[in-house]
Amino acid sequence: MKTCEIFPHHCRLEVGEIGKCRARINDGEKITALNYGEITSIAVDPIEKKPLHRFFPGTNILSVGSYGCNLNCPFCQNFEISMADKNFPTRKISPVELVNLALKFYYSHNNIGVAFTYNEPFISYEFVYDTSHILKNIGLKSVLVTNGTVAPAALKKILPLIDAMNIDLKGFSQEIYDYLGGDLETVKNTIQTAAQSCHVEVTTLIVPNMNDSEKDMLEESKWLASISEEIPLHVSRFFPRYKVTDRPPTEIKKIYRLAEIARQNLKYVYTGNC
């Protein structure tokens, strides 16, 4: 039996057993990414779509995702791949092939690098690490769009290779993270640690009657400002998806109100999906 060191859940797996993320496996020698180089989604996106609004604005980035996630958000906006497993159709791509593709789009699409996104990128830790190492050596950017649920040691090892992160802060209470199968302090540590090493922006998806408290937004923005008042915050609108179809989209006026509250403490607050 071996213990996964990438996530704070620290799944203990027998040989051949797959962790709760559905994509990390004990192969008999170590726990590694079953989804290494297994790509479910690939596109050239505007950098603002990640969303990163203050990191090389106006450029594009080659965006790739695999399958699996280490949280269980019932409102997941990408559940088709995040909740999938090894049976989901994929396209096999090596780190070198992905970097060559990024270089191709560098010349034709103003592409600055690769964003690991769509599902939780830390599940593909080894693939992200190997690809980012090559990207760093040739001067292209590595971006992670992540829920921030990663063990501190694994985060510190990969951070020197990462240029920017958008980190999902699901809410500002442990009660919310208990509901999703995560830990607020872990995500706060990821934000705080990453902000010392690379460009960081934060996104909070506002789900009605879950994390739409004005008090929580005030506390969240105060805490982010204690790291730096220049950390951009994206206050994003929820639409019914996956298992949460019993409530309407977040009211636009609620998004604007929460953004207004966050601006009391932060310089850069953006509204999304409005």
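A: Let's start with helix α2 (residues 95-109) and α3, which pack at an angle of about 45° with their axes 9 Å apart. Before going on, a word on where this comes from: it is a predicted model, in which local features need pLDDT of at least 70 and side-chain atom pairs count only at pLDDT 80 or more, while totals for chains, interfaces and linings use all residues. Residues are numbered from 1 along each chain as its sequence is written, and side-chain values use heavy atoms, with hydrogens and water left out.

Helices (H or I, at least four residues) and strands (E, at least two) are DSSP runs, numbered from the N terminus. The axes are lines fitted to C-alpha atoms, for helices over the stretch in contact, and angles run from 0 to 180 degrees between N-to-C directions. Under 35 degrees counts as roughly parallel, over 145 as roughly antiparallel, 65 to 115 as roughly perpendicular and the rest as oblique; α2 and α3 are therefore oblique to each other.

Who does the touching? On the α2 side, P95, V96, L98, V99 and L103 make the contact, and on the α3 side F127, D130, T131, I134, L135 and I138 do (contact means heavy atoms within 4.5 Å). Sorted by class, that contact has nine nonpolar residues, one polar and one charged. Here Ala, Val, Leu, Ile, Met, Phe, Trp, Tyr, Cys and Pro count as nonpolar, Asp, Glu, Lys and Arg as charged, and the others, Gly among them, as polar.

Side chains of opposite charge can pair when their charged atoms come close. D163 forms a salt bridge with K136, and their closest N and O atoms are 3.2 Å apart (a salt bridge is a side-chain nitrogen of Lys or Arg within 4 Å of a carboxyl oxygen of Asp or Glu). This pair links distant parts of the chain: K136 sits in helix α3 (residues 125-138), D163 in the loop between α4 (152-158) and β11 (164-168), 27 residues apart. D163 counts as buried, because its relative accessibility is 15%, while K136 at 34% counts as partly exposed. The cut-offs are under 20% relative accessible area for buried, over 50% for exposed, and partly exposed in between (1.4 Å probe, protein chains only).

Another salt bridge brings together the side chains of K170 and D168, at 3.1 Å from N to O. K170 is buried at 12% relative accessibility, and D168 is partly exposed at 23%. The structure holds 15 salt bridges.

Leaving aside neighbours within four places in sequence, T146 is in contact with E120, P121, F122, M165, N166, I167 and D168. With a relative accessible area of 3%, T146 is buried.

One last stop is the loop between β9 (111-116) and α3, where you'll find Y118. Y118 isn't a glycine, yet it has a positive phi of about 75°.
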